[in-house]
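This report describes a structure made of several chains. Please keep the sequence and the three-dimensional view at hand while reading.

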Amino acid sequence: MVLELQKPRPVWQIMFSTHHTDVGLLYLIMSIAFLFMGGALALLIRAELFFPGAQMIADSMTFNRIFTVHGTTLIFLFLLPSASAVGNYFVPIMVRYKDMAYPKLNAIAFWMIPPGGALIWLGFADFTWYATPPYSIISAPGPAADMWIFGLKILGISSVLGAINFIVTILKCKHPDMSIGQVPLLAWSFLSSSLIVLVAIPTFAAALLMLLTDRLGVTGFFNPAMGGDPIAYAHLFWFTFHPEVYVLVIPAIGMMYEIIPRFSRKPIFSKSSGIFAFVLLAIVSFSSWAHHMYATGMSFTEKTVFMIGTLAAVPASGMHVFNFVATMWNGRIKFLTPMMWSIGGIALFFSAGAGGVANAAMPLDFTTHDTYWVVGHFHLFVMGTIAFGTIGFIYYMFPYVTGRMYNENMGKIHFILSFIGTILVFFTQHVLGLYGMPRRIFDYPAIPEWVAMNQIATVGAMIIGVSMIIFLINLIHSSAKGKPADIHDPFGLGGKYYYPFESKNPHH
Amino acid sequence: MGGHSNWPEWIYVGVIIALMFWVGAEAWNVERLVEHVPADAEVIKVTGAQWFWTFEHEDGTKEVGTLHVEAGKAYKFEIYSTDVNHSFNIHDYVVLMDAVPGRVNTVWFAPDKAGEHDIQCREYCGLIHYNMRGKLVVEEPST
Amino acid sequence: MRNLLGLFLVLAILVIIPTVDHAFAAGDEPGEYLDRRVLIWNLFFRMMTVAFTVGAVVSGTMIWLCWRFRESHPKATPTEYERSGDFGGSA
């Protein structure tokens, strides 16, 4: 398929290329870089919380800036671009087209991300990734806040452009011999998530503009002092960012759909139910946004409606789990690194989902809302499910991208350490939340339970940190010195693949 | 896809849907009970400001940081904010409600035993959010 | 059949309306208040009981799957799809 790195090419040729695999490679490298930057901030946060009181970080302002940039980076600069990387590599090949539908637009969408990321990192805003008004309007110091707003604006446009490209590529550029039902599930996942992006992002784009003009003092959409309502922002924000969770989850599930049948040596149990569940998830993702706002003084009826909307997403998610289990059943499973990451991801997907159901139950919000329970819950999704799926897929595509094999033992150690670390950090954080520790706090009173659990979580985070260093060494070392991969069957699974690796898309 | 049958999947989906109905019904029921404010609840006005809590009792007495209530009585909090969003939280009594400027949110509770409990802010409100803490002192009934 | 249905309807109304009335009136007597701690934490523990049961079934199934259908299991046999070589799933 690819073999980008085997044939030496000058860097600028890759950078200014519009070929889908080159853009995919750029996406991949940049998202991994941001994974390590955002991850370093996470370790700083955890190190600071190891003991009550201030140790590593000088003051709460710095701490607030760090967790804001941590969240923004890992969502917008790691998870979204890494999904785009996979999509860029695989979607055109899966629909048997020579490139993305609009190659130049594709390159533009990628090149909007570095300036967006630069604005976020150079500004280092402090108003949380949610940019909560009226704090963000009347209290947050500029220019950091304004830079964050512009950065997010650029990233939003970039993901809309990427989404348009994926939709057109899949629907309009697929091979005429192919019916839409024959399009593989990974491509279907990009189709569904891109459709969500198209519907969801414009709302947030509008909210960002309003936030900016509010900050300039021209308008008062979200400023109560000028007759505005901060809750309106909450609605606009979560109307975009609850579906955005599914934008991140759906491609990760699609990647597991690619890995699990292959390593079980069976076709997927039911492709039609996979497609059905993707489309259903994409639709119901829009029915649950206000479950983030139970505590803002919503009426009983509103809460009930959004609880039902939230619970409605569970059967579709469960269908995916069923599909994975049924695919592995009666298979002959080869436990190589990508498969281990996928299975670990499914296991944690269940835990995250169960926690999500508890969150959706309205009265439990009184105990869990804005505590570390929520932090643990959504990190199980973004780290335990989405990042696990994505990292597994990075291992899976490694031989196709570089023509060399990664180090299998290091990959397995990476998985085991990450899995243990993830459980230590995020399960502990659930319990910590039940003890009532609020999120986003720089310092906490020395309550013995809080201290103990923070320390367990910090140890877990350090284990993840070590595993990620192993990952980095593996990636760099193996792409230069790894043993050459048999490109027709790098994992020794036998059988034939439906995308033609030999006939790689020529550069044009 | 082969010729496998789909009935296990349908049963599985049915079980999930039934479970979700159960979760929804239980949650709905408890929420309804919890939201029902007793008619004789005393009103306490709670105001969140960066970064402290003030309380105003029905008789006009004001307190800053520490709130005194009596065991065996019901209290209804009316929660205000003067600047940014806060969230009024007495974790030991599972009381939580956001303080949103421009809105009045209510939540009620009935302390049953004398004792001291922490009050904290659970919504990010800036620099000293981490230390926007107070004390709830539940006293023995006066009568 | 129709009469039976009617009977059930009447019975249901007889049971449901007083229950709902009773539930809505709960906590209205002065001096006797619902304890939100009890209600909410009980709900939480009921749900966690179910969640952990379901979780045990799901993760137990997955652990068993991984153990039974691993390549190195004594009873492992090539899947029927391996012979045709088609497990790419272009279905």
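## Met256 of chain A and the nonpolar core

In this predicted model, Met256(A) is in contact with Phe324(A), Ser342(A), Gly345(A), Ile346(A) and Gly389(A), when neighbours within four places in sequence are left aside. Met256(A) also belongs to the largest nonpolar core, which has 218 residues. Among the residues with the most contacts inside this core, Met256(A) is listed together with Ala187(A), Leu248(A), Val249(A), Leu281(A) and Ala361(A).

Chain B also takes part in this core: domain 1 (1-36) and domain 2 (42-139) of chain B each contribute at least three residues.

## The two domains of chain B

How is chain B divided? Domain 1 covers residues 1-36, and domain 2 covers residues 42-139. Between the C-alpha centres of these two domains of chain B there is a distance of 37 Å.

## The open sheet of chain B

Chain B contains an open sheet of 5 strands, arranged in the order E3-E2-E1-E5-E8, with mixed pairing. Which strands of chain B stand at the edges? They are strand E3 (62-64) and strand E8 (105-109); each has a single partner strand, so one side of each is left without a neighbour in the sheet. On average, and with direction ignored, neighbouring strands of this sheet are turned by 25 degrees against each other.

As a general point, strands of a sheet pair through backbone hydrogen bonds, either parallel or antiparallel. Strand E1 (residues 42-49) and strand E5 (residues 75-81) of chain B run parallel and are joined by 7 bridges. Lys45(B) has Glu78(B) in E5(B) opposite it.

Is strand E6 (residues 86-90) of chain B largely enclosed or left open? Of its 5 residues, 5 are buried, so strand E6 of chain B is largely enclosed by the rest of the structure.

E6(B) and E7(B) form a hairpin with 4 residues between the strands, where Val94(B) takes a positive phi near 50 degrees. E6(B) also pairs with strand E9 (residues 115-121) of chain B, in the antiparallel sense and over 2 bridges. Here Asn89(B) stands opposite Gln120(B) in E9(B).

## Where chain B touches chain A

Contacts between these two chains involve 42 residues of chain B and 46 residues of chain A. On the chain B side, helix H1 (7-35) and E7 are the elements that give two or more residues. H1(B) gives the most, with 15 residues. Sorted by class, the side of chain B that touches chain A has 22 nonpolar, 11 polar and 9 charged residues.

How many helices and strands does chain C have? Chain C has 3 helices and 0 strands, and from the N terminus on its elements run α-α-α. Chain C has 91 residues, of which 13% count as buried.

Chain C places 28 residues in contact with 33 residues of chain A. On the chain C side, helix H2 (36-68) and helix H3 (80-84) each supply at least two residues. H2(C) gives the most to this side, with 13 residues. By class, the residues of chain C that touch chain A divide into 16 nonpolar, 8 polar and 4 charged.

## Pro78 of chain C

Pro78(C) lies in the loop between H2 and H3 of chain C. Is Pro78(C) buried or exposed? Pro78(C) has 10 C-beta neighbours inside 10 Å, and a residue is exposed if it has 12 or fewer, so Pro78(C) counts as exposed.

When residues up to four places away in sequence are not counted, Pro78(C) touches Arg332(A) and Arg83(C). Pro78(C) and Arg37(C) are 41 residues apart along the chain, and their C-alpha atoms are separated by 56 Å.

Key. Residues are numbered from 1 along each chain as its sequence is written. Chains are lettered from A and ligands numbered from 1 in the order in which they are written. This is a predicted model: local features need pLDDT of at least 70, side-chain atom pairs count only at pLDDT 80 or more; totals for chains, interfaces and linings use all residues. Two strands pair if DSSP finds at least two bridges between them. Axes are lines fitted to C-alpha atoms, for helices over the stretch in contact, and angles run from 0 to 180 degrees between N-to-C directions. A residue is buried if 20 or more other C-beta atoms lie within 10 Å of its own, exposed if 12 or fewer, and partly exposed in between; C-beta atoms are placed from the backbone. Domain bounds come from an automatic or database domain assignment. Two residues are in contact if their C-beta atoms, placed from the backbone, lie within 7 Å. Ala, Val, Leu, Ile, Met, Phe, Trp, Tyr, Cys and Pro count as nonpolar, Asp, Glu, Lys and Arg as charged, and the others, Gly among them, as polar. A nonpolar core is a set of buried Ala, Val, Leu, Ile, Met, Phe, Trp, Tyr and Cys residues joined through C-beta atoms within 7 Å.
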